[in-house]
Amino acid sequence: MLTAATTALLSFATNHSFANNDLPDLGTAAVNTFSLEKEMQYGDAYMRVIRSSAPVLNDPVLSQYITELGNKLVAHATGVKTPFYFFMLRNDEINAFAFFGGHVGVHTGLFLNADSESELASVLAHEITHVTQRHLARSLEAQEKTAPATVAGMLGAILLTIAAPQAGMAALATTQALATQAKINYTRQHEKEADRIGMQILVDAGFDPEAAGDFFGKLASRYRFTTTPPQMLLTHPLPESRISEARNRANQYPHRFVPDNLNYQLAKARIQVRFSSYSDEMALSLFEKQLSRNSYAFESAALYGKALALLRLKRAKEAEVIIDKLLTRDANNLFYLDTKADLLVERKDFAAAKALLEQQRQLKPTSQVINANLANVYIEAGEAAKAIPLLEDMVFLDKQNPLPYEMMTQVYRQTGNQALEHFASAESMALAADYKGAVDQLNFAYRFTKDDPLQLARIEARIRQFREAEKALDALK
């Protein structure tokens, strides 16, 4: 008979990334045809390396925002053959990039420099097109026809570029020294195709087609005479012809007024306060000036930014007055609810926090923001066991998100379930390509598991999977 702990562990193992197909099977780097399956495998491996080496944001509010915006655009794209995964990096540089398996990364610096959601959406639509048109895979296949031996080096260099940009770009430049002029033109063709198709996606999704040319023009003007342009201009050059083509394409569509989105401005304010180079005092001054001069896109976004800055400056009572005012305007806004929950936890009013979030969960049962906040309230209130089903839901909806695994580790530590604590820790480490650490954690789980053959078999199987994944990743490098 299985014990309750064993049943819980097996349920956890079955439902949370314990299947063979959840780990990358990279195989050999040089392939005759770069299949969609191979793209998915490489994309998963690259994403794990990014988590280990880059400042990926695990902010539920911003993650849900960028995912919803990205999916809105994907819904109007053609040729979608893979799921899409949108994520953000804490980096003031203006940049966005796409790679295998529908992964699209966005630097927080894009928010700091885009004036509207349509401008941000124009960049995302471009990157989505790189994915749907399989530009990276097509480039590798074209390269393989002329120089098969360099494909393995290019794949490894791409991985290095993601993990350590300077080293990776040097490796990539060395590998591509044999590339022909036709290969270079092929890349330029991809950029034109991404601009053209991306514009159509932008329009079909209801955004302003003029935003692409406006954003391009702004970047070109700002960095025209600089010796160190942002990463985006290194990977996506902006000659005058590209800017004029974007504006000409926009002119082919009927002019329409597209109002900006409040949630974009709220996301921008959140980044300015929490994830930029601004000091807390600078952020507070920024929003106070906007409010005193009426120089904002939305007053609510300026107030929200001020409240976040006040909270960081330990002026919680002033922040709460503002957040309560904003909630009277929009009681279901996730940005406001997230901050209200933080304020309630700050003053240990767990009953009010639970009541607020449990009510919201009835309206938004799949919201990562609500589930993460409610799980955190249960943990802080000493009721960690109640957080488990919420965190399991989060993992079920997004197996690539390390946050619920990190919170599960805390929950099982608090509840004294050492086997599941180490299981959760292992999954979190594996998502960051730390397979050695993950195996160590599973060995600890093994020690805390006694007289349960099925449970021990699960642990042994997972250890084998992690070791195989580690070998495959090493081979790719």
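Biologist: Which residues point one way from E3, and which the other way?
Modeller: This is a predicted model, to start with. His103, Gly105 and His107 point one way from E3, while Val104 and Val106 point the other way. All of them are buried.

Biologist: Why is E3 largely enclosed?
Modeller: Strand E3 covers residues 103-107, and five of its five residues are buried, so the rest of the structure largely encloses it.

Biologist: What order do the strands take in the sheet?
Modeller: The order is E1-E3-E2, in an open sheet of three strands with mixed pairing. E1 and E2 stand at the edges with a single partner strand each, so one side of each has no neighbour in the sheet. On average, neighbouring strands are turned by 20° against each other, direction ignored.

Biologist: Is the pairing of E1 with E3 parallel or antiparallel?
Modeller: Parallel, over five bridges, with E1 running through residues 85-89. Phe86 has Val104 in E3 as its bridge partner, and Met88 stands opposite Val106 in E3.

Biologist: And E2 with E3, parallel or antiparallel?
Modeller: Antiparallel, over four bridges; E2 is residues 96-99. Phe97 stands opposite Gly105 in E3. The hairpin of E2 and E3 has three residues between the strands, and Gly101 there takes a positive phi near 75°.

Biologist: Which strands does helix H3 touch?
Modeller: H3, residues 60-74, packs on the sheet and touches E1 and E3. The direction of H3 makes about 135° with that of E1.

Biologist: Which strands does H5 touch?
Modeller: H5, residues 117-132, also packs on the sheet, touching E1, E2 and E3. The direction of H5 makes about 20° with that of E2.

Biologist: Switching to aromatics. How many aromatic pairs are there?
Modeller: The count comes to 14 aromatic pairs. One of them is Tyr46 with Phe100: the ring centres are 5.7 Å apart and the planes are at 50°, so the pair is tilted.

Biologist: Where do Tyr46 and Phe100 lie?
Modeller: Tyr46 lies in helix H2, residues 36-53, and Phe100 in the loop between E2 and E3, so the pair ties together parts that are 54 residues apart in sequence. Tyr46 and Phe100 are both buried.

Biologist: What about Phe111 and Tyr264, how far apart are their ring centres?
Modeller: Those centres are 5.6 Å apart with the planes at 20°, so Phe111 and Tyr264 are stacked. Phe111 lies in helix H4, residues 108-113, and Tyr264 in helix H13, residues 262-274, so this pair ties together parts that are 153 residues apart in sequence. Phe111 and Tyr264 are both buried.

Biologist: Which residues form the aromatic cluster with Tyr46?
Modeller: One cluster is made up of Tyr42, Tyr46, Tyr85, Phe87, Phe97, Phe99 and Phe100.

Biologist: Which residues in H22 meet H23?
Modeller: From H22, they are Ala419, His422, Phe423, Ser425, Ala426, Met429 and Ala430. In H23 they meet Tyr435, Gly437, Ala438, Gln441, Leu442, Phe444 and Ala445.

Biologist: I was also looking at Gln290. Buried or exposed?
Modeller: Gln290 has 17% relative accessibility, so it counts as buried. Gln290 is found in helix H14, residues 280-293.

Biologist: What is Gln290 in contact with, leaving aside neighbours within four places in sequence?
Modeller: Ser295, Tyr296 and Ala302. Gln290 and Ala302 are 12 residues apart in sequence, and their C-alpha atoms are 6.7 Å apart in space.

Biologist: Last topic, confidence. What does the pLDDT average?
Modeller: The protein averages 82, and 77% of the residues score at least 70. Over residues 1-21 the pLDDT is below 50, and this stretch has 42 contacts in the model beyond near neighbours in sequence. Residues 163-186 are also below 50, with 25 contacts in the model beyond near neighbours in sequence.

Key. Residues numbered from 1 in each chain as written. Predicted model: local features only at pLDDT ≥ 70, side-chain atom pairs only at ≥ 80, totals over all residues. Heavy atoms only, no water. Buried < 20%, exposed > 50% of the residue type's maximum accessible area, 1.4 Å probe, protein only. Helix = DSSP H or I, 4+ residues; strand = E, 2+ residues; numbered from the N terminus. Pairing = 2+ DSSP bridges. Phe/Tyr/Trp six-rings, centres within 6.5 Å; stacked < 30°, edge-to-face > 60°. pLDDT = per-residue confidence, 0-100. Contact = heavy atoms within 4.5 Å. Axes fitted to C-alpha atoms, helices over the stretch in contact; angles between N-to-C directions.
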